[in-house]
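Let's go through this chain together and ask what lies behind each label. The structure comes first, then the questions.

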Amino acid sequence: MLNLSTARLRFERYTMDDVPLVLELVTNQMVMNYIGNGQVKDIDYATHLIERMLEQYKNFDNYGLHKLIHKETGAFIGHAGLVAQLLDDAFEIELGYWIAPAYWQQGYGFEAAEALKHYADEEMYLERYVSAIQVGNTGSKQIALKNGMQLEKVIEMEGKQVEIYVIENEIEFEEE
């Protein structure tokens, strides 16, 4: 289980009881503007998203989106995680995050992304992971760059231009 927290945030696994929380995100046009095809979704999408995350937890342990809970208030502010994805016909680990608009411009996206970067580098020893960011999503682009990611390429996903930002680490293994 992912045991990750920051100064202000706690990462928690989703359960099926969290469908209303995800529904708040996926029915918000401001959140969904740069997700997928840019359209708001419904309860079926929210349910499927949680089912997919539960499957990732089961198959890949610490991978998957996790709820972001504000430590001080207990409020759900969004989700973030390292998610197994198929991007541009390649299996990738994506560092992703969705933050509720009430919490934008307060550093929560970067705080979550920075914690995930540290976890990916120092605990999981990932050689490579990416962030897929739609062209025009300047907030997420700034977070990726501040987090040390480099633009690798631009691809098309669901009819949208998506920039792929990457971190590639050289992993050295000690010989016995």
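**Labels and the values behind them**

The chain has five helices and seven strands, in the order β-α-α-α-β-β-β-α-β-α-β-β along the sequence. This is a predicted model, where local features need pLDDT of at least 70, side-chain atom pairs count only at pLDDT 80 or more, and totals for chains, interfaces and linings use all residues. Residues are numbered from 1 along each chain as its sequence is written, and side-chain values use heavy atoms, with hydrogens and water left out.

Q: What makes a stretch of the chain a helix or a strand?
A: Both are DSSP runs, numbered from the N terminus: a helix is H or I with at least four residues, a strand is E with at least two. Helix α3, for example, covers residues 43-60, and Q56 is in it.

Q: How do you know that the radius of gyration agrees with a compact globule?
A: The rule is 2.2 Å times the number of residues to the power 0.38, and the radius is taken over C-alpha atoms. For 176 residues a compact globule would have a radius near 16 Å, and the chain has 16 Å, so the two agree. The C-alpha trace spans about 50 × 35 × 30 Å along its principal axes.

Q: Why is Q56 called buried?
A: Buried means under 20% relative accessible area, exposed over 50%, and partly exposed in between (1.4 Å probe, protein chains only). Q56 has 6%, so it counts as buried. Leaving aside neighbours within four places in sequence, Q56 is in contact (heavy atoms within 4.5 Å) with D61, Y63, G64, L82, V83 and A84.

Q: Why is D89 called exposed?
A: Its relative accessible area is 77%, so D89 is exposed. D89 is in the loop between β3 and β4, and has a positive phi of about 65° although it is not a glycine. Y125, in the loop between α4 and β5, also has a positive phi, near 55°.

Q: What makes F60 and Y63 an edge-to-face pair?
A: Rings of Phe, Tyr and Trp (its six-membered ring) pair if their centres lie within 6.5 Å; planes under 30 degrees apart count as stacked, over 60 as edge-to-face and the rest as tilted. The whole structure has two aromatic pairs. F60 and Y63 are 6.1 Å apart centre to centre with 85° between the planes, an edge-to-face pair. Y103 and Y108 also form an edge-to-face pair, at 5.8 Å and 80°. F60 has 37% relative accessibility, so it counts as partly exposed, while Y63 is buried at 13%.

Q: How do you know that R8 lies over the face of Y108?
A: A charge sits over a ring if NZ of Lys or CZ of Arg is within 6 Å of the ring centre and within 35 degrees of the ring normal. R8 lies over the face of Y108 at 3.9 Å from the ring centre, and K146 over the face of F110 at 4.3 Å.

Q: What makes a group of residues a nonpolar core?
A: It is a set of buried Ala, Val, Leu, Ile, Met, Phe, Trp, Tyr and Cys residues joined through side-chain atoms within 4.5 Å. The largest such core has 30 residues, and F11, L68, L82 and Y129 have the most contacts inside it. Helix α4 gives the largest share of this core, eight residues. Apart from this core lies another of 19 residues, among them V19, M32, Y57 and L65.
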